[in-house]
Structures are given as C-alpha cells and as structure tokens.
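These are my notebook entries on a single protein chain.

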Amino acid sequence: MATSSGRMTIMSAARDLTDFFLLLLHNRRTRKKNIAMDPQHLLGDCLIHMFTFLTEEDLIRASSVCRNWHNAAETQWLWRRMCLQRWGFCSQAVLGSPHVNHSWKKYFLRRSHLETKMKEGRTGGYTCKSLRGHTGQIVGLVYLQGSSPLGPDLWDTPTTVCSASTDGTVRAWNIQNGQLVWCTAKQNPLSRIIIDEQRDFVITVDSAGLIKVWQGQTGQEVASYSVASAHCTLLQYNKDNDWFLSVGTSPGSVCTLAGTALTKKSSIMVFDSFKVNILLVSPDKKWITAGSKDNVDSSLKVIYADSLTSPCEDEDPLCQLVPITGCQAAVFIPTQSARLAMVHCNEHTNNKALTVFDVSMKKSKYTSQIQVQQVESSPLSLPSTSSSILLEAKDSNSIVMAVDCHLFLYALNGALLASFKEHTMPITSLCVDSFRVVTASQDLSLRVLTWKRDRDGGLNLESRYHLLGGSHTMSRGFSLVACDYASVVGSVEGKDGNDVLKAYTFTS
C-alpha cells in the first residue's frame, strides 16, 4: 500500500510533468527552441501516460503541437478513460456500429458541450416550440421516444411526446419540429396517461373508467377494458418477462390486467370507500404498494405481486399494512430492491415526518409473512400550510420533495441537504433524472437545477435558470413537466381552457 508521502510524491511528479508539457507547448507555439528535449523524441507510451494528467482542453491543445503528440492525444483509450471518469461508464454501445463514424473523443466532446448548454440555459442553446391542438385541459404527458446519453443516437433520434386531454384525444408530437405525429379519435374526457416500461404502448383511462392501450408508433387502439370507476390510478410493470397493468379505483380496489390485450387476472379490495391514489411497484418487482391520501387514518398496504399477477383461487392475497398512518407521499428507492420512503403526518404533533421501511418476505415451513421493517424515521420542517407533497427518489440516500413554493433535498435519515425557494407560486409538478431536477409552477416558469458532487462525494443540487412559459394574460401557469436527457416539456394551462405544450430542446 502506498504511503501518504509516496502519494504526495506521485502527485508532485504529475504536476511537474504537466507543467513541463505546458511550458513545452508555449515554447513550441512561440518557436523558441530552448528546451533540451524535443517532443518528437518522446515515446508514444510515455506521451499517452503524460496526457492522462491533462484536462480535455489541454489534451486538444496538445494534439496541435506535432504529429507524434497529435497521434497520442487522439488515442481512443484516453477519451474513453475521460468518459469513465466523468460519467462512470465506458460502454462500447454509445458508439453504435463499426460502420458509423463515431469515436470516444467525438462522443465526449459532443456530450460535454451539450451538458454545458443544459447547465447554462442561455438563449441560443435551446429551441422552444409551442405545441397547440388540444381543446381542453392536458391531464398528462409522457415521452414515447426520447434521447439517452447511453445510446449512439443521442443527437439523431427524433423525440416524441404523447399528451392526453379532457378533449378526449391522445396526441403524439415531434418536439424538435413541433409537428403532430398522430392523433386518436375523440372519446370521453381522459383523466390519465402513462407509458409502458418498453415505451412501445401508451395507456389511457377516461372519466368513465375505460382503459385503452394504444400502439405508440401509429396511435392505433390495441385493446380496452372498463373498471367503471370515475377515478383511476395506473401502474404498468413487467414481471418475469410478462406485461401487467394494475389499476387503483375510486371504490378502493386494485384490479390487475395481463398483457396488452388487458386480460383480467385479479381484483382485491384495499380500502373500503376510499380511492386508491398511491400505487407503486418495487424495483425488484416483488411488491405492490397501494394507499389513499384521502383518509388520514389509513395505512399503506404492501401486496405480494404474485398475489395480483398469479392469484390462487383458494388463497387470500398476501399483504401487510405499513405500521404508520396518514401517508401523504411515498416512493420506492430506485437503487434498492424494496426500500420504501414515505412522508406522513406525525400522529402526536400533526407535523410531517419521513420514515423509511425495508420490505421482505419471512418464510417458514408452512407459512409466508411479509415483513415491513422501519429503517429510519425523522421529523421534517416543512411549511405549515403545505397541502400537497411531490416526492421523487434519486439514489440510495436522497429524495427530492416539492412543497408549496419550496424544493427540498433530504437524505433518507432526515438530514436536510439543500432547500430552494425560487418560485413565487406553488410547484405543481416535479421531474427528476440523472442530470437535472425540473420544477413546474403556477408562476408560469420551469426551474432547472443540476446535480453536483460535494467534497465528501455526496449528491447535491445547484440551481441554474428559469424557462419561461409565456404571458400571464393568456395562461395560468405550468401544470405538468416531463424531461428526457436533452429536452424538457411542460404543459401550460390556458385561460381559454385550451392547454398548450411548451417543448425546450437543447442542441449540441
């Protein structure tokens, strides 16, 4: 193991080597030949090793010194190493097929340039399109086809967003050119829209409880099923390569359908007379969590997923109540198999608290029992007037919470990591991904924040800029927001009752 003094020596040598390079580069440019060692005599491997200490800007400068330096600075290993250091991956898939003229250098430079634009949000760094056509309130929007930093088509694939409205139509839009891709025929007012995990199908439900599945590429109806409920919460998930849709209803039941043909598998009563408006699936797909925010005396219920997807006629569904009432928001931690975080009213003080549970199965010779074990619990200092809470999870140790005009970043142990109040009116929607957090507000703006690493390696947020949605004379504010890697789409409520989508696309 290297000693502390040994590490310092290595770091000092690295700095000296970098200083030598910079001096050599300066003298090369000014045509001063007072350096004893000619750069062309440096061996290729030594050059490549030296270049590992440089930033991308210095590496680009080094490539212009001479042919040997250019060849060393263009080494794919160097740029792949930079990708690994900056983004934590080096998959060959991002370069596409061998017949496509991509390189690690080109990928690194284009992606870092794009991320700079997305961090700065300056005029000219993005385009904004207004997508008009709905004649009612937009109740949901989803990305049907979007950009991903992990694929070779980050800059070339058109981005498609689907929106559902109370005008009874589903519309698919190309957000780069603002054109309508397809539109369904009118039906009853729609109340919700989701996308399946593979982004092949769009699922909607209307005000009468009629669920429909639409082919994502064409907008053709695939199947329909009625649950006869005025309010529905939709949850699609794949389990053991099979496709399922669970539906929470107004009477308090959860109905589970199999396949895009929507074949009924089960229906169980969760809450008598209270609508199910919390419906979550754990990352390991073993647990479904159902709850109602309308009854402060009720608890979340954890259901064994097999009881819904493969029910036994002679057995009751295997489920367990979470031992805390008054849930106002809940989320599964995406990096854990079955860790559930919930914000609830403290039964003693009526203040809010954050409690975290691990869900597991305890099996004996004759029985199986769900265990919901508390991991953390701590009080939260939230605005006393908070009526609704938006909750999203980022990694294994942090959650993002929007309350009224405030945005909070909490550790799972309840420690407040950051707080922001940059909206003048309540936050209505929240979108969290690996690069940014976007909040939508009734003040007709979207606020963009990006992730950063603290000195101790922990995640934190940095506030960046606003994206404006238009004029208050025509609009009431943003009601929804969604984003993929290179774009943000928000829904603006129109004072005339006709909502409009605003699509912001960043270009590299």
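This is a predicted model: local features need pLDDT of at least 70, side-chain atom pairs count only at pLDDT 80 or more; totals for chains, interfaces and linings use all residues.

**Entry 1: Ser-491**

I began with Ser-491, which is buried at 0% relative accessibility. Residues are numbered from 1 along each chain as its sequence is written, and side-chain values use heavy atoms, with hydrogens and water left out.

I located Ser-491 in strand β31 (residues 487–494). Helices (H or I, at least four residues) and strands (E, at least two) are DSSP runs, numbered from the N terminus. I then listed what Ser-491 touches, setting aside residues up to four places away in sequence: Ile-138, Leu-141, Gly-477, Phe-478, Ser-479, Leu-480, Asp-499, Val-500 and Leu-501. Contact means heavy atoms within 4.5 Å.

**Entry 2: Ser-267**

Ser-267 is partly exposed, at 41% relative accessibility. Apart from neighbours within four places in sequence, Ser-267 is in contact with Ser-253, Val-254 and Cys-255. I also noted that Ser-267 and Ser-307 are 40 residues apart in sequence, and that their C-alpha atoms are 9.9 Å apart in space.

**Entry 3: The whole chain**

I recorded seven helices and 32 strands in the protein. Of its 508 residues, 51% count as buried. Among the contacts with a separation of 6 or more, 45% come from residues 24 or more positions apart.

**Entry 4: Helices α5 and α6**

I examined how helix α5 (residues 76–87) meets helix α6 (residues 104–120): their axes come within 8 Å and cross at roughly 35°. Axes are lines fitted to C-alpha atoms, for helices over the stretch in contact, and angles run from 0 to 180 degrees between N-to-C directions. The crossing of α5 and α6 is left-handed. A crossing has this hand if the near helix is turned anticlockwise from the far one by less than a right angle, and is right-handed if clockwise.

On the α5 side, the residues that make the contact include Trp-79, Met-82, Cys-83 and Trp-87; on the α6 side they include Trp-104, Tyr-107, Phe-108 and Leu-109. By class, I found eight nonpolar, two polar and five charged residues in this contact. Ala, Val, Leu, Ile, Met, Phe, Trp, Tyr, Cys and Pro count as nonpolar, Asp, Glu, Lys and Arg as charged, and the others, Gly among them, as polar.

**Entry 5: Aromatic pairs**

I counted 11 aromatic pairs. Rings of Phe, Tyr and Trp (its six-membered ring) pair if their centres lie within 6.5 Å; planes under 30 degrees apart count as stacked, over 60 as edge-to-face and the rest as tilted.

How are the planes of Trp-87 and Tyr-107 arranged? They are edge-to-face, 6.0 Å centre to centre with 80° between the planes. This pair joins helix α5 to helix α6, across 20 residues. Trp-87 is buried at 17%, and Tyr-107 is buried at 3%.

I then looked at Tyr-126 and Phe-506, a tilted pair, 5.4 Å centre to centre with 55° between the planes. Tyr-126 is in strand β1 (residues 126–131) and Phe-506 in strand β32 (residues 500–506), 380 residues apart. Tyr-126 is partly exposed at 21%, whereas Phe-506 is buried at 5%.

Finally, I noted a cluster in which ring pairs link Trp-79, Trp-87, Trp-104, Tyr-107 and Phe-108.

**Entry 6: Cysteines**

How many disulfides does the model hold? I counted zero, a disulfide being a pair of cysteine sulfur atoms within 2.5 Å. The closest cysteine sulfur to that of Cys-327 is in Cys-345, 9.4 Å away, so it is too far for a bond. Cys-327 is buried at 6%, and Cys-83 is buried at 0%.

**Entry 7: Positive phi**

Most residues other than glycine have a negative phi. I found a positive phi, near 50°, at Ala-228, in the loop between β9 (221–226) and β10 (232–239). Ala-228 is exposed at 65%. Asp-240 also has a positive phi, near 55°, and lies in the loop between β10 and β11 (242–249). Asp-240 is exposed at 63%.

Terms used. Buried means under 20% relative accessible area, exposed over 50%, partly exposed in between (1.4 Å probe, protein chains only).
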